[in-house]
Amino acid sequence: MHLETFIPAFIMFAVLGLIVPVLLSNIAMGGRLMPTEDKAKAPAAAASVYDQIGGAAAVDAAVDVFYRRVLADAYVNRFFAGVDMSKQAAKQKAFLTMVMGGPHNYTGKDMREGHRHLVKMGLNDSHFDHILMHLRATLAELGVPENLIQTIIGVAESTRDDVLDR
Ligand code: HEM
């Protein structure tokens with residue numbers, strides 16, 4: 001081989017010989033092309049709101065306090081007349097758990113179907129606002145941080161049109 005073809009070929013093999021093993025080891029370690037130091041700094045998956053407020057124990061406590069408040073509020077409690085409140089609390093716990101990113105064990109009705117008969121009884125925005133107020137007060141009473149309260153109220157708010165069947 002002539003010297004003028006040998007030198008570029010030598011450089012090419014040397015470069016490939018360095019790059020290929022580094023790429024392979026990176027991919028094999030699951031790091032793709034991210035250097036190890038950057039991988040250590042990569043954020044872990046964000047915890048769900050459900051986990052952040054304290055999981056099942058926190059949801060249980062919140063729903064119990066919430067319905068105590070709701071049933072003591074003469075503006076909305078007529079809608080709950082005749083309702084089995086222990087079943088209702090269980091459904092609400094499962095529903096809130098699901099929408100806050102916890103386990104999906106809710107088997108109740110969808111929000112439109114579950115409240116349609118109440119809309120016929122006169123359920124409107126002002127009642128919905130009362131329910132949100134009780135939810136907010138409950139979470140504050142249990143010491144849930146304001147940023148999480150806002151997220152949870154946002155989730156509850158997103159059901160408004162379904163609950164009011166419009
Ligand atoms: C933040 C919005 C709301 C959510 C997330 C919510 C959630 C639920 C859930 C999960 C159920 C069970 C559905 C089923 O039977 O399978 C339910 C039923 C019920 N909700 Fe709501 N609700 C909301 C707003 C309201 C409002 C504003 C009222 C009235 C003031 C209300 C009164 C009731 C009543 C009385 C039932 C029981 C109906 C029955 O069994 O006859 N809810 N709700």
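Author: Start with helix 7 and helix 8, the latter spanning residues 146-157. In this predicted model, their axes come within 10 Å and cross at roughly 155°. An angle over 145 degrees counts as roughly antiparallel, so helix 7 is roughly antiparallel to helix 8. The crossing of helix 7 past helix 8 is right-handed.

Now look at who meets whom. Helix 7 brings Leu-132, Leu-135, Arg-136, Leu-139 and Ala-140. Helix 8 answers with Ile-149, Ile-152, Ile-153, Ala-156 and Glu-157. Sort these residues by class: 8 are nonpolar, 2 are charged and no polar residue takes part.

Helix 7 has another partner, helix 4. These two pack at an angle of about 135°, and their axes lie 9 Å apart. That angle makes helix 4 oblique to helix 7. The crossing is again described as right-handed. On the helix 4 side, the contact uses Ala-62, Val-65, Phe-66, Arg-69 and Val-70. On the helix 7 side, it uses Ile-131, His-134, Leu-135, Ala-137, Thr-138, Leu-139 and Glu-141. By class, this contact has 8 nonpolar, 2 polar and 2 charged residues.

Follow helix 4, residues 55-71, to its contact with helix 5, residues 85-99. Here the axes come within 10 Å and cross at roughly 130°. This makes helix 4 oblique to helix 5. The crossing is right-handed. From helix 4 come Val-59, Asp-60, Val-63, Asp-64 and Tyr-67. From helix 5 come Met-85, Ala-89, Gln-92, Lys-93, Leu-96 and Thr-97. The classes split into 6 nonpolar, 2 polar and 3 charged residues.

In the model, 20 residues surround the ligand. The closest are Phe-95, Gly-108, Lys-109, Gly-114 and Ala-156. Helix 5 supplies the largest share, with 4 residues. By class, the shell holds 11 nonpolar, 7 polar and 2 charged residues.

One last check is confidence. The chain averages a pLDDT of 84, and 73% of the residues score at least 70. Over residues 18-35, however, the pLDDT is below 50. Beyond near neighbours in sequence, that stretch has 7 contacts in the model. Where pLDDT is low, the predicted coordinates should not be read in detail.

How values were computed: Residues numbered from 1 in each chain as written. Predicted model: local features only at pLDDT ≥ 70, side-chain atom pairs only at ≥ 80, totals over all residues. Axes fitted to C-alpha atoms, helices over the stretch in contact; angles between N-to-C directions. Parallel < 35°, antiparallel > 145°, perpendicular 65-115°, else oblique. Left-handed = near helix turned anticlockwise from the far one by under 90°. Contact = placed C-beta atoms within 7 Å. Nonpolar A, V, L, I, M, F, W, Y, C, P; charged D, E, K, R; others polar. pLDDT = per-residue confidence, 0-100. Near = placed C-beta within 6 Å.
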